[in-house]
Amino acid sequence: MEMDALKKPRIICLIPARYDATRYPGKLMTLLVNKTVIRYTYENVVSMNLFDYVAVVTNSDVIRDEIEKHGGNVIYMPVNFESGSDRIAAALENLEGDIILNVQGDEPFVRPEPLQDMIGSFNLEQNDNMVASLMRPMDNEDDVRSSDFVKVVCDRNNFALYFSRSVVPFQKKAEPKAVYYEHIGVYGFTRKSLLQFSSLEPTPLERIESIECLRFLENGIPIKMIETPYHIIEIDTEADRIKAEELIRSGYYK
């Protein structure tokens, strides 16, 4: 896709939302004080004023009704998909969008600064087949060892070399000291890269690690990693939800 030099790219954000989450079923409809998680996420993204269009993409009647009754945009797709990126790729076929951000429905406190940095990493005239994502330094050894945290290693230009639930890089020698980065599951796509992703079969490493972005790397599509200092809280357990409520009540989040 060639962009007219005078044409401003249309930037949209799609929020994939499944009701039947494996680890915490129904989590998107649980309350954070007085709002559901999915409504909190949607309204937070809209309030950033970064996007020409924002919508929740879901196969759930309950989630659709929740967003629509509060005036939000919903794309209803009653089909099961391999991943959230597959879901929004299917939705994109009927939408206009040059740069597409994928914010997970269970990330109610995502901040505008890293999303702005991701948007700024795209130059459609130079590369219309690119992906961007976020990472942050890890300082907790238990988190580094935990398979619940996806780690990413990059080249010198911060393009991803590999993602893993294992400890990467492995500290074989005392020096140099390894620096570990957590992959944060917020993605930015060009239209071409997202539609191409959905046309590709899930790859062996993607299935082994259960990490969808490995499908890009295994097919030679680069992923630019944007480092951020911000910790993005995901609601994956009841303990996460309680912690999030405490942060809201304390005034840390509005």
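**Backbone: positive phi and cis bonds**

Locate Ser210 among the helices of the model, and determine its phi and its exposure.

Start with the position: Ser210 lies in the loop that runs from helix H7 (204-209) to helix H8 (214-218), where helices (H or I, at least four residues) and strands (E, at least two) are DSSP runs numbered from the N terminus. The model is predicted, so local features need pLDDT of at least 70 and side-chain atom pairs count only at pLDDT 80 or more, whereas totals for chains, interfaces and linings use all residues. Residues are numbered from 1 along each chain as its sequence is written, and side-chain values use heavy atoms, with hydrogens and water left out. Next take the backbone angle: although Ser210 is not a glycine, its phi is positive, about 60 degrees. Most residues other than glycine have a negative phi, and most peptide bonds are trans. Finally, Ser210 is exposed, with a relative accessible area of 53% (buried means under 20%, exposed over 50%, partly exposed in between, with a 1.4 Å probe and protein chains only).

Which peptide bonds are cis, and where do their prolines lie?

Another joins Glu175 and Pro176, with omega about -5 degrees. To place them, note that Pro169 sits in the loop between strand S9 (160-164) and strand S10 (181-190), and that Pro176 is likewise found in the loop between S9 and S10.

**Helix H1 and the residue that follows**

Decide how far helix H1 is covered, what its buried residues pack against, and what follows the helix.

Begin with the count: eight of the 11 residues of H1 are buried, and the helix is mostly covered. Those buried residues are Val37, Ile38, Arg39, Tyr40, Thr41, Tyr42, Asn44 and Val45. Then trace their neighbours: the buried residues pack against several elements, including strand S1 (11-17), helix H2 (61-68) and helix H9 (238-249), contact being heavy atoms within 4.5 Å. Moving past the helix, H1 is followed by Asn49, whose phi is positive, near 60 degrees. Asn49 belongs to the loop between helix H1 (37-47) and strand S4 (53-58). With 68% relative accessibility, Asn49 counts as exposed.

Describe how domain 1 and domain 2 meet, in terms of residues, area and polar pairs.

The contact between them takes 28 residues from domain 1 and 24 residues from domain 2. In area, the two domains bury about 2,200 Å² between them, 61% of it on carbon and sulfur atoms; buried area is the accessible area (1.4 Å probe) that two parts lose on being put together, summed over both. Within domain 1, Leu50, Ile99 and Leu101 lose the most area to domain 2, together 20% of what that side buries.

Turning to charges, there are two salt bridges between the domains, a salt bridge being a side-chain nitrogen of Lys or Arg within 4 Å of a carboxyl oxygen of Asp or Glu. Nine residue pairs (both at pLDDT 80 or more) are in polar contact across the interface, meaning a pair of N or O atoms within 3.5 Å, of which, within protein, one must be able to donate a hydrogen and the other to accept it, while residues adjacent in sequence count only if both atoms are side-chain atoms. On the domain 1 side, the elements giving two or more residues are helix H3 (84-92) and strand S6 (99-102). H3 supplies the largest share of that side, six residues.

**Salt bridges within helices**

A search of the whole structure finds 17 salt bridges. In one of them Glu141 meets Arg145 at 3.6 Å, N to O, the two lying four residues apart in helix H5 (residues 141-145), about one turn of the helix. Asp142 also forms a salt bridge with Arg145, at 2.8 Å between the closest N and O atoms. Both Glu141 and Arg145 are exposed, and Asp142, at 53% relative accessibility, counts as exposed.

For comparison, work out the setting of the salt bridge between Glu238 and Arg241.

The side chains of Glu238 and Arg241 come to 2.9 Å, N to O. Because these residues are three apart in helix H9, about one helical turn separates them. Glu238 is partly exposed, with a relative accessible area of 35%, whereas Arg241 counts as buried at 14%.
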